[in-house]
Amino acid sequence: MNAQGTSSVVAADEAVRSPIGTAPVMSGPYRAAAPLPARPRLRSMSYRTVQGAIDGTAMVTAVSTFGGSLACASAMATTLICLHAGADVYRPRRVWSTRQRLAPLATGPLILLVCVNLPFLGDAAAEPARWLGMALIYCVLAGLARCALHTSVRVHRRRRSRPRRALVVGHGAAMTAVVDRLLEHRDIGLNVLGQVPAGQGDEPGVGRLPVLGEHVDLARVLDACNIEVAVLVSDGLDREALDTAARQCVEARRETIVVLSSQDLALLGPGTARMAGMPCRHLFPGLERSSARLVKRAFDVAVAATFLIVMAPLMGLCAAALRLQDGPGVLFRQTRIGHHGREFTLLKFRTLKPTNSQESDTRWTVEGDVRIGSVGQLLRRTSLDELPQLWNVLRGDMSLVGPRPERPYFVQLFCTSYPAYAQRHRVPVGMTGWAQVNGLRGNTSIEMRAQFDNDYIDTWSFGRDLLIIMLTVRAMLLRDGR
């Protein structure tokens with residue numbers, strides 16, 4: 001390596017290691033410096049364990065105080081911890097919204113409300129006064145313990161000698177203001193090492209921060225600089241640049257915080273988190289987490305198996321009616337595209353006999369087709385023709401909730417026309433989805449479907465799945481046609 005190359009490596013390494021305010025500004029991508037050495041850090045598992053212990057102790061105490069058995073209290077505490085773990089309640093957060101702080105306190109009383117009407121707690125426990133007493137004890141104990149935990153975390157971050165390594169992606173004055181706020185509030189626990197400019201129209205740089213690279217190559221910058229937290233400043237960024245940067249950070253499994261601007265009115269509200277007084281949104285990998293996938297899969301298996309047993313008589317009636325009206329062959333099998341683009345065979349009740357396989361593979365909709373009999377029309381209108389897909393869910397081909405699967409011919413067509421469509425296959429496909437419960441089914445906009453499905457994936461939560469299932473049941477009961 002020549003002298004000029006050696007000096008560039010040293011300059012790049014010093015730019016990242018120097019404290020904020022003294023680091024020189026780098027020009028061009030950060031290419032030469034080696035990653036910073038790994039350092040000891042407070043593992044998130046300890047934080048999760050403490051929160052789980054808080055929930056479990058509060059629930060056992062509340063139930064035992066009012067005469068519940070220890071076995072019952074332990075079962076309810078285990079259920080509560082599993083629900084919170086699946087909903088990602090225990091993930092360490094740098095920023096909190098009021099809703100995120102209070103929502104976990106509502107889960108315990110809901111579990112109590114369900115269980116007190118079961119024979120687990122005894123007849124006396126079903127009295128409203130006892131339920132209110134248990135709910136009050138749980139909320140007080142869990143609330144006080146969580147407040148103490150959050151306070152201790154803030155104190156730890158303020159006093160920690162080596163806070164998390166962070167970079168800021170943004171542009172101009174907005175990014176300067178964000179950096180100033182982060183430096184003033186050490187309890188956030190961030191050491192901003194540099195910037196990645198993205199945007200147009202203003203001066204790109206913040207003079208006292210080194211430029212670590214370009215936003216189009218953000219994933220490599222995160223690895224090269226050993227960045228742990230990415231702060232994206234939406235003010236001054238176009239939506240495409242912000243979306244690209246956010247996806248790179250989340251896929252790289254970095255903690256990602258988007259600081260919202262005053263123009264993001266649709267994203268501001270009571271649930272908006274705050275970081276040093278700035279409205280922001282915390283992005284997480286969602287279904288990319290193994291714990292979330294495990295909880296979702298366990299829920300799918302339990303519900304699918306239960307419904308296959310409970311709905312067996314109704315499915316038998318549907319099959320018999322179709323057999324009497326249209327003859328043998330009551331099940332319809334069709335190739336669909338599932339998780340990661342894999343093909344699988346989807347099952348439905350046959351409501352129409354296609355003239356050949358090409359028709360079923362390439363015809364977009366059969367709405368209004370005169371070949372659909374009265375039984376088929378009823379099954380389609382009530383969505384009962386979808387019930388055999390519970391077997392697909394049990395097999396693992398599908399999930400209860402997710403983007404609806406499509407045929408290979410149309411997947412190839414839509415991926416060419418709508419680049420966001422292929423991103424739907426990041427998660428397992430589902431019997432119902434966020435797009436479907438919002439009316440985007442049948443002959444509706446494919447681009448809007450992709451937007452709704454990707455929004456579901458990016459903001460997944462176990463609660464959202466339950467909401468979609470309830471909305472689907474409502475649509476079936478009201479005979480909301482496709």
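User: Accessible areas are computed by the Shrake-Rupley method with a 1.4 Å probe. What share of the accessible surface of the protein chain belongs to carbon and sulfur atoms?

Analyst: The model is predicted. Its protein chain has an accessible surface of about 23600 Å². The share of this surface that belongs to carbon and sulfur atoms is 60%.

User: How many helices and strands are there in the protein chain, and what percentage of its residues count as buried?

Analyst: The protein chain contains 17 helices and 10 strands. It has 482 residues, and the part of them that counts as buried is 47%.

User: Among contacts between residues at least 6 apart in sequence, what percentage join residues at least 24 apart?

Analyst: Contacts in the protein chain are taken here between residues at least 6 apart in sequence. Within that set, the share joining residues at least 24 apart is 73%.

User: Which strands stand at the edges of the open sheet?

Analyst: The open sheet has six strands with mixed pairing, in the order 2-1-3-4-6-5.

User: In strand 6, which residue is the bridge partner of V258?

Analyst: Strand 4 (residues 255–259) and strand 6 (residues 278–283) run antiparallel and are joined by four bridges. V258 has its bridge partner in strand 6, and that partner is R281.

User: At what angle to strand 3 does helix 8 run?

Analyst: Helix 8 (residues 239–251) lies across strand 3 (229–233), strand 4 and strand 6. Its angle to strand 3 is about 170°.

User: Which residues of the largest nonpolar core touch the most other members?

Analyst: This core holds 30 residues. Elements that give two or more residues to it include helix 9 (290–310), strand 8 (343–349) and helix 16 (446–458). The residues touching the most other members are F349, L379, L387, M398, L400 and Y456.

User: Leaving out residues up to four places away in sequence, which residues does Y456 touch?

Analyst: Y456 is one of the core residues that touch the most other members. Leaving out residues up to four places away in sequence, Y456 touches K296, V401, G402, W434, R464, D465 and I468.

User: Does E386 count as buried or exposed?

Analyst: E386 sits in the loop between helix 12 and helix 13. Its side chain makes a polar contact of 3.4 Å with the side chain of R404. Because buried means under 20% relative accessible area, and E386 has 10% relative accessibility, E386 counts as buried.

Note on methods:
Residues are numbered from 1 along each chain as its sequence is written. This is a predicted model: local features need pLDDT of at least 70, side-chain atom pairs count only at pLDDT 80 or more; totals for chains, interfaces and linings use all residues. Side-chain values use heavy atoms; hydrogens and water are left out. Two strands pair if DSSP finds at least two bridges between them. Contact means heavy atoms within 4.5 Å. Axes are lines fitted to C-alpha atoms, for helices over the stretch in contact, and angles run from 0 to 180 degrees between N-to-C directions. A nonpolar core is a set of buried Ala, Val, Leu, Ile, Met, Phe, Trp, Tyr and Cys residues joined through side-chain atoms within 4.5 Å. Buried means under 20% relative accessible area, exposed over 50%, partly exposed in between (1.4 Å probe, protein chains only). A polar contact is a pair of N or O atoms within 3.5 Å; within protein, one must be able to donate a hydrogen and the other to accept it, and residues adjacent in sequence count only if both atoms are side-chain atoms.
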